[in-house]
Amino acid sequence: MLALVSGGSASGKSRFAEDLAAGRSAGTRIYVATMQVWDEESRRRVARHRAMRAGKGFATVERPLDLERLEVPAGSTVLLEDLPNLAANEWFGGAERRASARERILSGVERLKARTALTVVVANELFSDGIDYEEETAAYLDMLARLDRAIAREADEVYEVVCGIPVCWKGGGR
């Protein structure tokens, strides 16, 4: 099963996604961390997320690139946090990586869906700020929007979290 959880910054989407994954699994829980830690701010974000999922039984796997090569136990639950970081790492990793970033990420998500009991992908609402971006950033955002749509099409459930309130747009509910 595949679930997509989206929302704006600090909307509560990560907590909802963690609770969704933890509440539906009895087996191995894997938290796939995609953020590359560059500075003190990113270290604080990592610490905050680790504290949020403490006691929920997740093993953390750092995977900022090459999701399609990630091996996970059959029947496990995977929480991918988050799609925009993974996409940025792939997109801005050089022209060679950029050319196939979308396909590699989709391949990785498809592999996870086929192998796990549940894969929860966390996305981020980055498309409604009304800002005109430079060409390369605009192209990245376009690729990310296409990833969101492709994953939503394949997902069994799609949620948007607004002000801490999850709204189910597709599939069952909790």
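Arg98 is partly exposed, with a relative accessible area of 25%, where buried means under 20% relative accessible area, exposed over 50% and partly exposed in between, using a 1.4 Å probe and protein chains only. Its partner Glu136 is likewise partly exposed, at 38%, and the side chains of Glu136 and Arg98 meet in a salt bridge of 2.5 Å, N to O. A salt bridge here is a side-chain nitrogen of Lys or Arg within 4 Å of a carboxyl oxygen of Asp or Glu. The pair links distant parts of the chain, with Glu136 in helix α6 and Arg98 in helix α4 (residues 95-99), 38 residues apart. Helices (H or I, at least four residues) and strands (E, at least two) are DSSP runs, numbered from the N terminus.

The structure is a predicted model, in which local features need pLDDT of at least 70 and side-chain atom pairs count only at pLDDT 80 or more, while totals for chains, interfaces and linings use all residues. Residues are numbered from 1 along each chain as its sequence is written, and side-chain values use heavy atoms, with hydrogens and water left out.

Side chains of opposite charge can pair when their charged atoms come close. By the rule given above, the count comes to twelve salt bridges. One of them joins Glu71 to Arg111, with the closest N and O atoms 3.2 Å apart; Glu71 lies in the loop between β3 and β4 and Arg111 in helix α5, so this pair ties together parts that are 40 residues apart in sequence. Glu71 counts as exposed at 58% relative accessibility, whereas Arg111 is partly exposed at 34%. Another salt bridge stays within a single helix: Glu40 and Arg43 both lie in α2, three residues apart, about one turn of the helix, and their side chains meet at 3.3 Å, N to O. Glu40 is partly exposed, with a relative accessible area of 44%, and Arg43 is partly exposed too, with 42%.

A network of salt bridges links Asp66, Glu68, Glu90, Arg97 and Arg104. Within this group, Asp66 is found in the loop between β3 (58-62) and β4 (77-81), and it counts as buried because its relative accessibility is 17%. Leaving aside residues up to four places away in sequence, Asp66 touches Glu90, Arg97 and Arg104, contact meaning heavy atoms within 4.5 Å. Asp66 and Phe127, by comparison, are 61 residues apart in sequence and 25 Å apart in space, C-alpha to C-alpha.

Helix α6, which holds Glu136, can also be followed along its length. At 1.5 Å a residue, its 20 residues should span 28 Å, and its end C-alpha atoms are 29 Å apart, which agrees; the expected span is 1.5 Å times one less than the number of residues. The buried residues of α6 include Tyr140, Leu144, Asp148 and Ile151, and the buried residues of this helix pack against β1 (2-7), α3 (83-91) and α5.

Rolling a probe the size of a water molecule over the atoms shows where empty space is left. On a 1 Å grid over the protein atoms alone, a cavity is a set of points where a 1.4 Å probe fits but cannot get out, and a pocket is an open set with protein on both sides within 12 Å along at least five of seven lines, lining residues having an atom within 4 Å of a point. Grid points are joined across faces, edges and corners, and a volume is the space filled by probe spheres set on the points.

By this rule there are two cavities of 30 Å³ or more. The largest cavity has a volume of about 170 Å³ and is lined by 14 residues, of which Tyr31, Met35, Val46, His49 and Glu81 lie nearest its centre. The largest share of this lining, five residues, comes from α2. The second largest cavity, of about 30 Å³, has Leu2, Leu106, Val109, Glu110, Ala150, Ile151 and Glu154 in its lining, and α5 (101-115) and α6 (135-154) each supply at least two of its lining residues.

The largest pocket holds about 420 Å³ of space. Of the 21 residues that line this pocket, the closest to its centre are Ser9, Lys13, Arg45, Asp82 and Asn124. The largest share of the pocket lining, four residues, comes from α2.
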